[in-house]
Number of protein chains: 2
Amino acid sequence: MKSAWLGVALLPLVAHSADNADALAVKPRTMADVIAASKSADWRTLDPQNTLYLELPTGRVVIELNPAFAPKHVANIKALVHEHYFDGTAIVRAQDNFVVQWSDPDHTRSLGKAQKTLDAEFSRTANELPFTQLPDPDTYAPEVGFVDGFPAAREPRTHLAWLVHCYAMVGVGRDNDVDTGSGAELYVVIGQAPRQLDRNVALVGRVVAGMQQLSTLKRGTAALGYYEKPEERTAIHALRLAADVPEAERSHLEIMRTDTHTFADLVESRRNRRDEWYKVPAGRIDVCSVPLVVRPRP
Amino acid sequence: MKSAWLGVALLPLVAHSADNADALAVKPRTMADVIAASKSADWRTLDPQNTLYLELPTGRVVIELNPAFAPKHVANIKALVHEHYFDGTAIVRAQDNFVVQWSDPDHTRSLGKAQKTLDAEFSRTANELPFTQLPDPDTYAPEVGFVDGFPAAREPRTHLAWLVHCYAMVGVGRDNDVDTGSGAELYVVIGQAPRQLDRNVALVGRVVAGMQQLSTLKRGTAALGYYEKPEERTAIHALRLAADVPEAERSHLEIMRTDTHTFADLVESRRNRRDEWYKVPAGRIDVCSVPLVVRPRP
């Protein structure tokens, strides 16, 4: 896997009929081609009212919140953020191929005006929810696809939809009772999609930049990847809402929309990889293998 | 997600009939229960002739080779190892949510008696191959399961089988031509299963211990996650065959077999999680989400 992984696109003749074979020389598009051909309308900017900045010693992690699936949880997290609840807390857990998680290590902080318990928001009605469905079968759900840039699943029988646990998704830790996830303890997926968590916990967002600062953290050696010693934890300088950060200090990013023809082309470019390196295109794609493309705002 | 993630098993009454409900109090088994109940025959030891030790500054990574799928590639890697080809090379690439990869950074070392090109061994006949099939659908292949402890796929139409790209699987980097993977450049999956690579490249083994030393490596910032500066690379002290290492210095591990009733019980314990924390058991499992259990040899 040398530089050839990016590869050079093939130029096969795709003949719709024997007569016009020469006229129909089609270059299958790679993801880079699709992105290069995209229009500004194929992108959206992050809403500062639903964007969090997790400020770590190594820099900033940008999280996009999605209030459409767990509105009470998202509102409670924003209430905690406004109270500076997380500033000075720490990443207390890093379990290999699973999650990193942060919280108040001493469990002594007051939640202030935020709620201590919340209704379970693990799925919602799928009715009237824009859903870009993928064409391929999924192991865990009858239908998978994207809702406003977030990986999601849908069940026609129950008319329910839910966000799914892909790499970089952000969820709300809870105890055994389903209402115990206040948002004061958050986790991020750092490995193979733990889809068994779907519908068991509230997903509230996704890391869109700075993920490597979490995925490379030293793993904890206590049970469940908790750190044994306080000094192993990573300090959280602050967790702030982008809207509360001066414009000049914000991370200006845009994300490819998932409800466009361009996104459909991008998915197809990944279902059937046409770089010269690939010899057997998969013809399928897992919802958690679709890249969600982020770039600096031009 | 506090300590409750390990949880306490529920004790529901599973009534086969109204008459004997009390007599049929069944405790569903967690993975920990299944492992605790396992017999010594449920485990196998690593074959020193097919076990590699990757010696890094942070310690040892143990790799189990599987010669059943790519025998020429495995033999060539062992030839390179015997020549100490890898000793003093480096990890040159770490791409987030994808792979780490090592090779001779200067591309000047001689392959010695090892082959420079090898026939593509990306799949093999499935006939007479022991295959423990999983019951759930897979996005990428008609059938998935396990062969001698390795995640694999099978296609009844073509009678072909192949290893699949799960977390910790080890493969042979190649250039665009399918015969260019000599084994001098090896990669390990560190993120979401890149199943699009299946049948495009030779998989030769799997990391069975020390994975965190690879998954936490600083990611490279050049294209494809290559390190920009030589000093960012991680030195490889040695890559050795366990059989060539004195007995006292070997890592004595055993791995749960995948062709036993115990393994079937383990899979079921993960398809339907019964810890009290889980409220909606998935009822399904992805081949790359089945834990492959390793423990020190008693």
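What we have is a predicted model, where local features need pLDDT of at least 70, side-chain atom pairs count only at pLDDT 80 or more, and totals for chains, interfaces and linings use all residues. Residues are numbered from 1 along each chain as its sequence is written, and chains are lettered from A and ligands numbered from 1 in the order in which they are written.

Let's begin with the pair. The same surface serves both of them, since 100% of the contact residues of chain A recur in chain B. By contact I mean that the C-beta atoms of two residues, placed from the backbone, lie within 7 Å.

How many residues of chain A are in contact with chain B? There are 49, and they meet 49 residues of chain B. On the chain A side, they divide into 19 nonpolar, 14 polar and 16 charged. Here Ala, Val, Leu, Ile, Met, Phe, Trp, Tyr, Cys and Pro count as nonpolar, Asp, Glu, Lys and Arg as charged, and the others, Gly among them, as polar.

Now for chain A by itself. Chain A has four helices and 17 strands, which are DSSP runs numbered from the N terminus: H or I with at least four residues for helices, E with at least two for strands. Of its 298 residues, 47% count as buried, meaning that 20 or more other C-beta atoms, placed from the backbone, lie within 10 Å of a residue's own. Among contacts between residues at least 6 apart in sequence, 71% join residues at least 24 apart.

Finally, let's zoom in on helix H2 of chain A, residues 71-82. Its twelve residues reach 16 Å from first C-alpha to last, close to the 16 Å expected at 1.5 Å a residue, the expected span being 1.5 Å times one less than the number of residues. Which residues of H2(A) are buried? They are A:His73, A:Val74, A:Asn76, A:Ile77, A:Lys78, A:Leu80 and A:Val81. Their cover includes strands S2 (51-56), S3 (59-65), S11 (169-172), S13 (203-209) and S15 (238-241) of chain A. After the helix comes A:His84, with a positive phi near 60 degrees.

Conventions: A residue is buried if 20 or more other C-beta atoms lie within 10 Å of its own, exposed if 12 or fewer, and partly exposed in between; C-beta atoms are placed from the backbone.
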